[in-house]
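I keep this notebook to record what I look up in a structure.

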Amino acid sequence: MRQTDKLTILHRQKILPFVDSVYRTQREKDPYLRAWRYRAYADNYQRQGLYLSANTYADSAIAIIDRQNLSDSIWTYYYFGAYITKGSVLYSLGRYPSAIDTYFKVKDLADRTGNKCNIGDIVDDHIGIILFKQEKYDDAITYFKLGLEVIRGCPVNELKARQKQELLDNIGESFINLGKTDSALTYYRKALHVIETEKFNRDPLQAKVQRAVCKGVVLNNIGQILVAKNKLDSAEIFFKENILINGITYKNESRNAQLSQLNLAGLYELKAQYPQMKMVLTDLRKNLDTIHNEDVEPGWRKLMAEYCGKNNLPFEQLKYENSYLALKDSLDMLKTVSNASDINKELKAKGQQMDLIVLQKDNELSHLYLWITIALSLMALIIVVLVYYYYRRGKKNIQTLTLLNREIGEQKDKLEFAVAELEKSNTDKERILRVVAHDLRDPIGGAATLVNTIINDDLPETYEKDSWNLVEKTLTNSLTLINELVELDLGKEHIPLNKEWVDINETVRHCVGLMQLIAAKKGQKLHLSMLSKPLTVYTDNDKIERMLNNLIGNAIKFSAKGETVSIELEQKGKAVLIVIKDNGIGIPPEMQTEVFNTLGGTRRMGTAGEKSFGLGLSICKQIVEAHNGKIWVQSEAGGGSVFYVELPL
């Protein structure tokens, strides 16, 4: 499969012989091999303009693929490729509604399997091309831009340069047809910038070919603008370069090269260079006889008629004019039929299908509610009948019935209270587990790293003893934390404290020593600036260490490899200020008001893919405020963060 992809870029004429050779040498013709062969034939015939043959092979591949397990990434890849080819063939045959249906099948599987970055932009591009073909250029631009949005949301390691430049080029062509040449030229220049600066392929040779082919297509489009601006010499250079790239050197976009030949012949007519015009038209005829191109054929006949008229060949002129008009009438009729299918209606219908699915689910829910209502109504009716029955039996039974109703109400209230308490208990347990997972991750991870260092490194006895003391203290603190969390009620606004006088220098130094082990895993450094002399603060030391571990751990998590995190202490009057600075990804303004508020409120991945529970800053705020202190942050997206903690002395 990789070899086929490489041949698609470098030597397309060798694809089918290669595929047939591989197919013949395999004794067992398994589904994977047969689907691969059918796909290769479908792609090859589609590029040659043999759409009926391409359609047959695409259907053969799809018949095999649809029977496979699409959770397998290889079969998913085949599914995307076969259905995209099928959609392109249907588009070329003018069967736009069927093409749209095919593209939405691809879109549906991409959404279900999380493959939007692999195929979403291509689907939007193909839908935009259909709208372009129907001359709905504004709608086409909308879909091309949707494709660009998909690419912007993809990881940077995705090789999307080729698709990005194609979308930009298609937007430019749409603006050309809207008569907005300046806007078109802007997008063509953006496409050229992508071609020149972004990565096309991991294989340098294949990347070179793809870059050249894409550049030739864009140059042809810019050449058409230059002709409109009467810059004929520059346009001639651009047309010839595309013909050289895509018509002679690589032949990857032969149809586009044919379009450049047509444009070049028209340019020679404007310059009254008729021998050159005739030579280009003769070469173009040879190409059209090999690869049919319905977009170029009418133009060739029209230019041949004009050439004969300018060179006093009336009989030939009449022949080509009649041939041109007959073909134009035929194509106009097909165009009318194709445009009769309003693609916007098709897209709207697809949206309505999704709405219908939602409505069906709502309808099922409504039926459930209806049955519940009927059941409740029956219960109410039974109660009314009983009330009436007992009322008729006499006033003596009214008291019994009243007591019975009261008991039913009490049982109902008890049941509702029990359900509410159960939900609250489950919620609190879940939150406690998340807090445990969050607060134990950093200290236990640091202790594990320290133990590994002691086991595997030959350390001095003094250093080893200090390290074991640090491990012992860390694990003791973690055990204390577990005991506290088991009894913790997260619904309370205040947390209990076990205060004592501690040296804030030593507390911060201990936390930094532990967290340095975690920072070292990312090649980071922790820089500590302590107070010049000891400073005692009346605090719950274990909880202050938890708060510091959370803040330093966040700075490490959201900073890139090799960065430095600074921890500074400063005495401000009757308070001590702890400042933790990093040069990480920062916090957008809209998130800064939320980071301290709720447990699990905001979650982002760390720079090395570390998971985040969104708990740490909420816990920090509870601890600081329990000490009558203050915590705040200054940050901007991409500019790092500075967290401030102020504790009273």
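**Entry 1: two loops**

I began with Asn230, which is found in the loop between α11 (204-228) and α12 (232-249). I am working with a predicted model, in which local features need pLDDT of at least 70, side-chain atom pairs count only at pLDDT 80 or more, and totals for chains, interfaces and linings use all residues. Residues are numbered from 1 along each chain as its sequence is written, and side-chain values use heavy atoms, with hydrogens and water left out.

Asn230 is not a glycine, yet its phi is positive, about 65°. Most residues other than glycine have a negative phi. I also looked up its cover: Asn230 counts as exposed, at 59% relative accessibility. Here buried means under 20% relative accessible area, exposed over 50%, and partly exposed in between (1.4 Å probe, protein chains only).

Then I turned to Glu135, in the loop between α7 (116-133) and α8 (137-152). Its phi is near 65°, again a positive value in a residue other than glycine. Glu135 is partly exposed, with a relative accessible area of 40%.

**Entry 2: the whole chain**

How many helices and strands does the protein chain have? I noted 23 helices and 7 strands. These are DSSP runs numbered from the N terminus: helices are H or I with at least four residues, strands are E with at least two. Of the 649 residues in the protein chain, 43% are buried.

I checked contacts next, meaning heavy atoms within 4.5 Å. Among contacts with a separation of 6 or more, 66% come from residues 24 or more positions apart.

**Entry 3: the cores**

A nonpolar core is a set of buried Ala, Val, Leu, Ile, Met, Phe, Trp, Tyr and Cys residues joined through side-chain atoms within 4.5 Å. The largest one has 81 residues, and Ile65, Met277 and Trp300 touch the most other members. I followed Ile65. Leaving out residues up to four places away in sequence, Ile65 touches Ala35, Leu70, Trp75, Tyr78, Tyr79 and Ala82. A second, separate core has 39 residues, including Leu531, Leu535, Ile556 and Val595. In soluble globular proteins, nonpolar side chains tend to be buried together.

**Entry 4: aromatic rings**

Rings of Phe, Tyr and Trp (its six-membered ring) pair if their centres lie within 6.5 Å; planes under 30 degrees apart count as stacked, over 60 as edge-to-face and the rest as tilted. By this rule I have 18 aromatic pairs.

Tyr32 and Tyr78 are a stacked pair, 5.3 Å centre to centre with 15° between the planes. Which parts does this pair tie together? Tyr32 lies in helix α3 (residues 31-48) and Tyr78 in helix α5 (residues 73-92), so the pair links parts that are 46 residues apart in sequence. Tyr32 is partly exposed at 34% relative accessibility, whereas Tyr78 is buried at 0%.

Trp632 and Tyr644 are also stacked, at 5.2 Å centre to centre and 10° between the planes. Trp632 belongs to strand β6 (residues 630-635) and Tyr644 to strand β7 (residues 641-648), so this pair joins parts 12 residues apart in sequence. Trp632 is partly exposed at 29% relative accessibility; Tyr644 is buried at 16%.
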